[in-house]
Amino acid sequence: MSGKINVLKGLLKLSKLFQKNKKYILIFIIFLALYIAVESDSALYSKPIAKIVSVSESQIFKKKTPDGQTENYYKQTLQAKILSGAEKGKIVQLENTYAASLVYDEKYESGMKVFLSSSVQGEIQVYKIAGIKRDAQIVGSFLFLLFALILVGKKQGLATCLCLFANITILTALLLLNKQGFPIFPLAIAASILFSCIIIFLINSVNINSILVLIITLTAIACLTLISAAALYFSPPLEFEFLEYLERPYEHSDANLIFLTEILMGSTGVIIDIAMTIVSFAMELLSKKPDIKAKTLIKSCSLVSENITGTMINVVLFTNLAGSIPLFILSMKNEVGLFTIFRYNIYFEATRFFVGGIGILLTIPLSAVISAIYSKRRQSKCSRF
């Protein structure tokens with residue numbers, strides 16, 4: 001009898017827990033269903049997809065690397081089951097060779113899904129791996145991020161998710177319009193304004209703080225873009241040959257605009273963050289001490305900025321340069337000099353970092369001055385009444 005009572009109490013607690021968190025449980029179920037749908041979408045692809053069911057490998061030879069070390073090379077024999085197309089269910093044999101460093105090669109494991117390409121050699125159809133199917137992992141990571149935002153941030157987290165969707169939509173529209181022939185730089189200016197409005201007003205709602213942050217953000221972005229444009233115009237022409245994904249041949253003016261677009265889009269987020277922090281502090285200070293002098297307010301904002309400048313500049317550093325660490329290691333392993341790597345390979349990442357740092361240092365005094373101007377106007381209005 002006592003066992004049944006304990007079971008009933010447990011069910012009652014579970015029911016209360018479900019009622020209390022049913023929104024999050026429902027969101028989790030929806031996200032899980034989306035992940036399963038993407039995981040099982042092989043039939044939607046035009047290219048044949050196969051799942052690797054078994055792997056056997058052996059070492060085939062060794063080769064010396066430029067730095068004098070020895071690298072092993074391996075050959076894999078794979079058995080894979082085709083998941084889509086007319087030959088669905090067929091078991092095929094695939095071969096793959098990879099180096100131990102995995103710089104230019106892939107090592108395949110059982111359970112991986114891969115795209116296949118096929119060709120007929122004599123009377124035999126030969127299959128080769130054309131790439132790894134990674135959409136489920138990408139979608140799963142993105143859904144996990146959204147669920148964590150909603151779970152931790154509640155309404156703010158939901159607003160952040162809406163911002164992400166809106167900004168992705170705007171970015172997609174920008175790329176599609178550019179593909180139709182619209183110039184990239186004016187599109188980037190319009191997109192940055194939209195990004196700023198959506199992030200600021202959706203997350204922080206429409207109030208005086210948000211309006212001040214928007215004014216500061218747009219002013220700082222405009223100043224930073226003008227400074228960058230002036231530097232590009234008056235400095236010797238940059239060597240854009242190493243700028244990734246640039247069409248060849250290219251016009252130097254077009255390359256300058258693409259680089260300015262990268263700077264414009266990349267600096268928006270950090271400028272919004274700095275402006276939001278300083279304006280929030282200034283407004284809180286004004287609510288506690290409405291008669292504070294503008295000079296004192298600017299000094300207080302400067303003291304706050306000292307605590308966030310270092311961390312934010314380091315965030316910009318890691319954001320722009322962390323992705324170049326593998327390139328550093330690979331280049332230095334091949335006896336490429338450090339100065340050469342900086343000059344040709346990560347020059348643009350380093351430039352984005354320096355520009356981002358300038359954007360931070362530019363936003364701090366702008367935020368303090370505009371907050372002080374607002375406080376002075378507010379005090380003058382109050383004195384009239």
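This is a chat about three neighbouring helices, H3, H4 and H5, in a predicted model.

Colleague: What should I know before I look?
Modeller: It's a predicted model, where local features need pLDDT of at least 70 and side-chain atom pairs count only at pLDDT 80 or more, while totals for chains, interfaces and linings use all residues. Residues are numbered from 1 along each chain as its sequence is written, and side-chain values use heavy atoms, leaving out hydrogens and water.

Colleague: How far apart are the ends of H3?
Modeller: The end C-alpha atoms are only 24 Å apart, although H3 has 45 residues. A straight helix would reach 66 Å at 1.5 Å a residue (the expected span is 1.5 Å times one less than the number of residues).

Colleague: Where's the kink in H3 centred?
Modeller: On Gly153, with a kink of about 145° (the angle between axes fitted to the seven residues ending there and the seven starting there).

Colleague: And what follows H3?
Modeller: Gly181 does, and its phi is positive, near 115°.

Colleague: At what angle do H3 and H4 cross?
Modeller: Roughly 170°, with axes that come within 10 Å (lines fitted to C-alpha atoms, for helices over the stretch in contact, with angles from 0 to 180 degrees between N-to-C directions). That makes H3 roughly antiparallel to H4 (over 145 degrees).

Colleague: Which residues of H4 meet H3?
Modeller: Among them are Ile184, Leu187 and Phe195 (heavy atoms within 4.5 Å).

Colleague: Switching to H5, how does H4 pack with it?
Modeller: At an angle of about 155°, with axes 10 Å apart. So H4 is roughly antiparallel to H5.

Notes: Helices (H or I, at least four residues) and strands (E, at least two) are DSSP runs, numbered from the N terminus. Angles under 35 degrees count as roughly parallel, over 145 as roughly antiparallel, 65 to 115 as roughly perpendicular and the rest as oblique.
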